[in-house]
Amino acid sequence: MARTRSTSIREEAQKRRRIVEEEDVISQLPDDILLAILSLLSFVEAASSCVLSKRWKSLWTHLTVLNFEFPKMLKEPIKIAESMPVARAKFVGWVNRALRLHQGPVVNEFKLHFFFTRKTFCRHIDKWFNFAIRKSVQRLEVNLSPTRPVSPQSKAKYYFFPNQFFDLIKSPHGLSCIKSLTELSLRFVDVTGELVEHLLSNCPLLLRLSVSDSTSLVNLNVSGPSLCLKFLEIKLCVCLQSIDIYAPYLTSFICIGGMTQVLVRLRHAPSLVCLTLEHRGGILTAFPSISSCFSQLESLTLDIYVGMVSMHLSLSIDVLVSGIIMWLIANFLFQFSSAPPPLPELTNLKNLTFQGMIESGYSLLGWASLIERCPCLHKFTSQMWSRFNLKKEVSRPAERLHKCLKVVEFVFNIDFELAAYFVQNALVLEKIIVDCCSGRLVRPGCNVAEDWLELPKHAQKLKKELPPEVELVII
């Protein structure tokens with residue numbers, strides 16, 4: 001009787017197992033599809049799939065997209081600063097284990113965000129870079145933010161490549177590996193112009209290059225016989241002095257933030273349509289050859305500071321403590337930007353953006369003369385933070401009608417005088433957008449209550465002043 005009952009239980013269990021296997025359609029999919037699904041998950045979630053069944057046990061070790069972000073991959077949030085060393089050690093263990101078990105021949109994307117401390121983890125990061133290169137990585141993104149603010153003169157706490165890395169990328173095997181690179185983003189990684197130029201010359205598929213917060217980058221030559229680069233971003237490299245560009249396929253160029261003016265020689269960039277610059281002491285002075293390309297631009301972003309001696313953030317990092325993002329500042333650059341630069345007519349410009357800081361009580365209305373040099377402008381965006389509670393007189397520009405402007409967007413705060421100017425002078429204005437969401441990432445020195453929490457209330461005030469044909473969109 002007992003044996004019959006035992007047999008019945010076993011048969012019932014087998015029956016349930018067959019039903020589960022028949023219903024598990026996902027596990028029957030090809031490896032390529034399953035790996036594509038796993039690549040959409042965080043690394044911890046993807047690795048956890050190994051407990052589902054034998055089919056999934058080692059599947060995650062063939063992932064071609066490796067995304068290691070500290071502290072997102074930690075199961076428990078960091079509650080106090082003293083736990084940071086433990087959390088970093090745990091993160092390093094996760095990454096080392098994942099790379100050790102990885103069985104795929106190549107890696108399409110390798111993303112690393114880690115709070116770097118030089119003394120402890122350098123040798124581990126060396127191995128991670130070597131792994132990515134040897135796996136013929138296509139998209140490489142590395143952000144090694146320091147745990148504490150670092151002055152621009154101090155290189156001790158920035159990661160820099162060891163000699164072995166240079167030997168690797170210059171060896172025949174290394175040269176064959178880096179040929180696969182299509183996108184490279186390095187932040188808080190000390191790189192020299194020589195290293196960047198070597199990669200540009202030997203990575204014929206490289207389309208996007210971003211270098212930020214490097215203290216060793218002084219002079220950079222962006223050119224090469226087979227250069228296909230389309231996107232170039234150089235930001236907050238405080239010792240940068242000059243950039244020389246010969247890039248026939250370059251469509252987007254961003255250059256912001258140095259200790260001194262950066263001399264940009266734009267020798268050849270016939271495809272350039274998107275440009276982001278910092279207005280410090282005169283754009284045409286710092287960028288003498290760029291003035292010739294203004295007529296071909298379709299999008300222009302100016303990093304400006306209006307009505308004040310401004311504080312430019314040349315180093316900011318995100319540190320997660322008790323679930324709150326705290327911004328730490330390491331270096332301050334002071335400059336005046338009270339008037340728009342004397343740019344020529346921007347005959348092809350469709351999108352114009354002002355970003356930076358503006359003293360409370362000031363208006364961008366004084367910059368309308370620049371806006372009026374864009375006869376084909378379709379969209380204007382203001383991403384200006386407000387500081388201090390001072391009131392100043394605003395000189396009104398000679399008004400000129402805008403015949404193409406359809407969309408105006410305000411992020412962080414609303415410039416009511418500028419909004420009124422657009423309502424009066426933009427003949428085909430369709431909507432004004434007020435972004436109430438982006439302000440959640442608070443910039444240092446700003447009044448949160450005034451600049452973000454009160455923004456919906458200000459938007460409702462603006463709505464009452466708009467004519468019925470202009471739609472107000474609050475997001």
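Let's start in the loop that runs between β9 (231-235) and β10 (242-246), which is where L236 sits. This is a predicted model, so read the backbone angles here as model values. L236 isn't a glycine, yet its phi is positive, at about 55°. Is L236 buried or exposed? With a relative accessible area of 11%, L236 is buried, the cut-off for that being under 20%.

You'll find S136 in the loop that links α5 (118-134) and β3 (139-143). Its relative accessibility of 18% falls under the 20% cut-off, so S136 counts as buried.

## The chain as a whole

Stepping back, how many helices and strands does the chain have? There are 13 helices and 23 strands. Of the 475 residues in the chain, 49% are buried.

Take the contacts between residues at least 6 apart in sequence: 66% of them join residues at least 24 apart.

## Helices α6 and α8

Now for a helix pair. Two packed helices are described by the angle between their axes and the distance between those axes. For α6 (residues 163-170) and α8 (residues 193-202), the angle is about 20° and the axes are 11 Å apart. That angle makes α6 roughly parallel to α8, since anything under 35 degrees gets that label. As for handedness, the crossing of α6 and α8 is left-handed.

Which residues do the touching? On the α6 side they are F165, F166, I169 and K170, and they meet E194, L195 and H198 in α8. Sorted by type, the residues of this contact come out as four nonpolar, one polar and two charged.

R208 has a relative accessibility of 38%, so it counts as partly exposed, a class that lies between the 20% and 50% cut-offs.

Leaving out residues up to four places away in sequence, R208 touches T182, E183, L184, L229 and F231. Of these, L229 is 21 residues from R208 along the chain, and their C-alpha atoms are separated by 6.1 Å.

P248 is placed in the loop between β10 and β11 (252-256). At 24% relative accessibility, P248 counts as partly exposed. Which residues does P248 touch, not counting those up to four places away in sequence? The answer is H268, P270 and S271. The two prolines, P248 and P270, are 22 residues apart in sequence, with 5.9 Å from C-alpha to C-alpha.

N108 is another loop residue, found between α4 (84-101) and β2 (109-113). With a relative accessible area of 23%, N108 is partly exposed. Apart from its neighbours within four places in sequence, N108 is in contact with T64, V137, Q138 and R139. The C-alpha of N108 is also separated by 8.5 Å from that of L140, which is 32 residues away along the chain.

On to helix α13 (residues 455-465), whose buried residues are L455, A459 and L462. Look down the axis of α13 and these residues fall within an arc of 60°, so they line one face of the helix. The face turned away from that buried side carries K457 and K464, which are exposed.

One of those buried residues, L455, is in contact with D435. D435 belongs to strand β22 (residues 431-435). Buried or exposed, then? D435 is a charged residue, and at 9% relative accessibility it counts as buried. Beyond its neighbours within four places in sequence, D435 is in contact with E409, F410, V411, F412 and I475, as well as L455.

Conventions:
Residues numbered from 1 in each chain as written. Predicted model: local features only at pLDDT ≥ 70, side-chain atom pairs only at ≥ 80, totals over all residues. Heavy atoms only, no water. Axes fitted to C-alpha atoms, helices over the stretch in contact; angles between N-to-C directions. Helix = DSSP H or I, 4+ residues; strand = E, 2+ residues; numbered from the N terminus. Parallel < 35°, antiparallel > 145°, perpendicular 65-115°, else oblique. Left-handed = near helix turned anticlockwise from the far one by under 90°. Contact = heavy atoms within 4.5 Å. Buried < 20%, exposed > 50% of the residue type's maximum accessible area, 1.4 Å probe, protein only. Arc of directions from axis to C-beta.
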